[in-house]
Amino acid sequence: MRVSIVGSGYVGTTVAACLADLGNEVRAIDVDRRVVEPINAGTSPIHEPGLEPLVSAYGGDTLRATTDYGAVTDTEVTVLALPTPTDSAGGINLEAMEAGTRSVGEALRHAEDYHLVVVKSTVIPGTTAERLVPILEDASGRREGVDFGVAVNPEFQREGSAVEDFMEPDKIVLGTDGDERALDRLARLYEPLVAQWETPVVETGRREAEMIKYANNAFLAAKISLINDIGNICKEFGVDTYEVADALGLDDRISDQFLRSGVGWGGSCFPKDVDALRVAARDAGYEPAVLDAAVELNDKQPRRLLSLLDDHVDAEGCRVAVLGLSFKPGTDDIRNSRAIPIIEGLLDRGAEIVAYDPVATEPMRERFPDIEYTEAAIDALDGVYGAVVITDWDEFATLDTEFDAMARPVVVDGRRIVKRRDGITYEGLTW
Ligand code: UDX
């Protein structure tokens, strides 16, 4: 098929490259030349495992990028993959989404054939029908359901495995409100994946499809907060939470995923989506008690970690090492990383911080320019009076004699990189 993807962020670029790999003719539309040019030159503007070879194979060929929304009319389907960031009140900011939708509508004014617009961005239930469809109709002078269709098709891609998550999905959600023409066209896009993996396809309403994405992320974030709550209780009773979680995971009704307790969840999606859902719920007159508690607990975990450190070390005036800065391993993304409240808490205590991360040093340096950063974990540990582990990078699990370099060997592990280390004070946050 001929498909345009609006927005070349981490979702849009991945979707564009994967759809090209599935044999489609793809146009990536983005207002930013700095992402358009690399794509056409065959290099990926973002780092995602497996993405570079795809952009290199198809970039400038069946995957072409442009800043011109006119490209929409050369295609049969347009996927909106624009950001919906948090606004000042915690809700979603639809500015980019509405501007992009208007530009697509203006292009559709010149379309000769039926066109399908697909909302992939995460939006609050009702947004597509109530906010985006009117913009499309107004800008195009055409009618939805007659001249064009609008479907909702959320993504469930994780950073660090976005290509794999697209190519081998657990489920495909198609929200069309029963518009057969829209459903047929959207289903065709995913046909090769469904044929290969027998992926379950959920055909549903647009509001339901919009909600499924929020419910998915809210559920997973709350699942981690619940295991953190249980972990905190286990710690009080001297119980190994990780053994408990292994047993819990054997129950099919629970599953073994997202049961790693520790310093909590971060990243761009969980905090943003849980907040947006809470704000939307409140606006509708409902108090989302469990989601409120999930966030409260997530804010509490870094404070608990620091108070465990306080039990062993008075950090004031002492060098303390922070191991891991990204919100999870495999990425240099520090958005809502638990390392941020940890660094702030240590600075409040008057500690001298020395931080190490294999890839996320530069983004964190922009945020905290005055702390010390090292090139290797061993250098960060040299002469410190305590260390905290914030990201579960594999390399931290093999640290051993490196701890001998510490002036006082106290480690508080927020990610269970190992269960314990003999010969030093090794505190697990939840075990
Ligand atoms: C998430 C969703 O998984 C994905 O479906 C959605 O499309 C985008 O948001 P992502 O933010 O890339 O993906 O990261 P994810 O791997 O889900 O981890 C989120 C956070 O939870 C990380 O900070 C991670 O460290 C933490 N986490 C995860 C835990 O603390 N314990 C776990 O058991 C799993």
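1. Helices (H or I, at least four residues) and strands (E, at least two) are DSSP runs, numbered from the N terminus. The model is predicted: local features need pLDDT of at least 70, side-chain atom pairs count only at pLDDT 80 or more, and totals for chains, interfaces and linings use all residues. Residues are numbered from 1 along each chain as its sequence is written, and side-chain values use heavy atoms, without hydrogens and water.

2. Phe 237 sits in helix H8 (residues 206–237). Its relative accessibility is 65%, so Phe 237 counts as exposed (over 50%; buried is under 20%, partly exposed in between; 1.4 Å probe, protein chains only).

3. Glu 155 belongs to the loop between strand S6 (148–152) and helix H6 (162–167). Glu 155 counts as buried because its relative accessibility is 7%.

4. The Glu 155 side chain makes a polar contact of 2.9 Å with the side chain of Lys 213. A polar contact is a pair of N or O atoms within 3.5 Å; within protein, one must be able to donate a hydrogen and the other to accept it, and residues adjacent in sequence count only if both atoms are side-chain atoms. The side chain of Glu 155 also reaches the backbone nitrogen of Gln 157 at 2.8 Å.

5. Now the ligand. Of the 19 residues around the ligand (a heavy atom within 4 Å), those that come nearest include Gln 157 and Glu 159. H8 gives the largest share of this shell, three residues. A backbone N or O atom of Glu 159 lies 2.7 Å from a ligand oxygen atom. For Arg 260, the corresponding backbone distance to a ligand oxygen atom is 2.8 Å.
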